[in-house]
Amino acid sequence: MTPMIISVASGKGGTGKTTVATSLAWVLGSTAQLLDCDVEEPNCHVLMKPVLQESQPVAVPVPVVDANKCSLCGKCGEICRFSSIVVIGNQVLTFPEMCHGCGGCTLLCPENAITEGGRELGVIETGFAGPVEFVHGRLRVGEAMSPPLIRAVKHRINRHKIAILDAPPGASCPVIQTITGSDFIVMVTEPTPFGLHDLKIAVGAIEDLGIPLGVILNRSDIGDGEVHGFCSQKGIPLLAEIPHERRIAEGYARGNLLVDSTPQYVDTFLELFVTIRDLINGNRPHLEETKS
Amino acid sequence: MKIAVTSMGTEIHSQVDPRFGRARYIVILDENGTVLEAVDNSRNSNALKGAGIQAAKVVADRKVEVLVTGHCGPNAFRALQAAGVKVVVEQSGTVKDVLDRLNRNGVAFADQPNAEAHW
């Protein structure tokens with residue numbers, strides 16, 4: 001078994017990312033690690049019911065200025081893209097809630113007047129859901145910036161396992177932070193105009209990363225055929241289809257995994273993994289070279 | 001005395017821009033109505049974050065004493081206060097209109113921001 005990183009993303013919210021990520025992790029058992037990167041609203045634990053053994057607070061470094069050492073040169077404010085530190089009038093002001101924690105101001109300060117304090121972002125909790133290793137991040141209520149916490153969740157990726165990352169919805173910074181470095185991206189969507197609209201935006205954002213991707217069509221027997229058309233036009237493989245079944249919805253409403261409420265999908269998810277693995281191997285340039 | 005007014009244009013008869021951080025221009029003038037400089041603020045107005053703080057720096061670096069605008073958020077207000085710039089908010093009309101109001105002592109200086117922080 002080759003270790004790999006598979007991200008599960010979507011454009012539109014509520015299409016079934018968590019349904020797919022949790023069931024994929026569950027069928028892979030002890031070879032899998034599930035990381036819920038939707039730190040603003042983590043929900044994998046609702047379906048996976050992990051025993052959480054460890055909780056660790058995560059902070060982002062923010063500048064703390066020693067006014068006695070500061071010469072008001074302004075270099076700190078020039079490097080900061082987010083205006084979280086600025087020399088104004090005859091003093092230096094910091095706006096810690098806007099700081100992304102790059103550390104640029106600390107490095108540049110010629111007077112060594114800046115040290116790093118911390119702004120708490122949230123916590124990372126780890127444990128096991130049955131045989132599956134489990135990690136999620138929970139953003140502090142009131143905190144506006146999730147990417148640094150997502151980065152910290154990703155530091156927990158187990159390089160000996162198949163890491164499955166449940167991404168936030170959308171196509172903005174938290175999604176890019178999650179999926180960067182993945183070997184494969186599973187896009188979960190539904191065959192509706194809304195699903196297609198947001199899928200296009202997400203694919204547009206992801207394409208530039210050069211990561212192979214495929215689509216899972218959830219509630220595949222509703223809506224129209226436009227997502228099929230888009231995928232074949234873009235050459236995006238359709239990995240699986242999950243129909244709109246009452247049993248699945250009832251199981252989900254009870255907090256049960258898809259593969260628990262409808263066990264015939266165990267094979268579907270095992271096949272899904274094999275398809276993804278083959279697509280990853282086919283997309284690795286060094287393997288292409290050895291073939292030729 | 002140097003006065004800064006957020007504006008849609010570069011002249012004394014231009015309309016006041018109600019936004020501070022993302023104002024189109026920041027017109028710097030004296031109390032007689034002579035325009036000393038019209039700062040093109042488009043770089044700030046397209047900034048991802050911290051437009052108000054950068055606009056406050058533009059104003060403070062030019063040793064402005066009074067800023068006149070429509071809305072001023074908490075970060076910009078804190079930065080302006082740190083620089084000792086007095087702030088007048090909720091103003092509209094032309095740059096000349098607000099200057100006349102200022103010269104007649106017809107305005108009050110703000111003691112707190114009048115807009116929410118943007119995320």
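Me: What kind of model is it, and how are things numbered?
Reply: The model is predicted; local features need pLDDT of at least 70, side-chain atom pairs count only at pLDDT 80 or more, and totals for chains, interfaces and linings use all residues. Residues are numbered from 1 along each chain as its sequence is written, while chains are lettered from A and ligands numbered from 1 in the order in which they are written.

Me: What's the strand order of the open sheet in chain A?
Reply: The order is β3-β6-β7-β2-β8-β1-β9-β10-β11, nine strands with mixed pairing. Strands (E, at least two residues) and helices (H or I, at least four) are DSSP runs, numbered from the N terminus. Two strands pair if DSSP finds at least two bridges between them.

Me: Which strands stand at the edges?
Reply: β3 (51-65) and β11 (238-242) of chain A; each has a single partner strand, so one side of each is left without a neighbour in the sheet.

Me: How do β3(A) and β6(A) pair?
Reply: In the antiparallel sense, over 14 bridges. A:Ala59 stands opposite A:Glu120 in β6(A).

Me: New topic. At what angle do α7(A) and α8(A) cross?
Reply: Roughly 25°, and their axes come within 9 Å. Axes are lines fitted to C-alpha atoms, for helices over the stretch in contact, and angles run from 0 to 180 degrees between N-to-C directions. The two helices are therefore roughly parallel to each other (under 35 degrees; over 145 is roughly antiparallel, 65 to 115 roughly perpendicular and the rest oblique).

Me: Which residues of α7(A) meet α8(A)?
Reply: Among them are A:Leu196, A:Leu199 and A:Val203, and the α8(A) side includes A:Val227 and A:Phe230. Contact is judged by C-beta atoms, placed from the backbone, lying within 7 Å.

Me: Which strands does α7(A) lie across?
Reply: β1, β9 and β10 of chain A, and α7(A) runs at about 165° to β9(A).

Me: How many helices and strands in chain B?
Reply: Four helices and five strands, in the pattern β-β-β-α-α-β-α-β-α along the sequence.

Me: What share of chain B is buried?
Reply: Buried residues make up 42% of the 119. A residue is buried if 20 or more other C-beta atoms lie within 10 Å of its own, exposed if 12 or fewer, and partly exposed in between.

Definitions and conventions:
Two residues are in contact if their C-beta atoms, placed from the backbone, lie within 7 Å.
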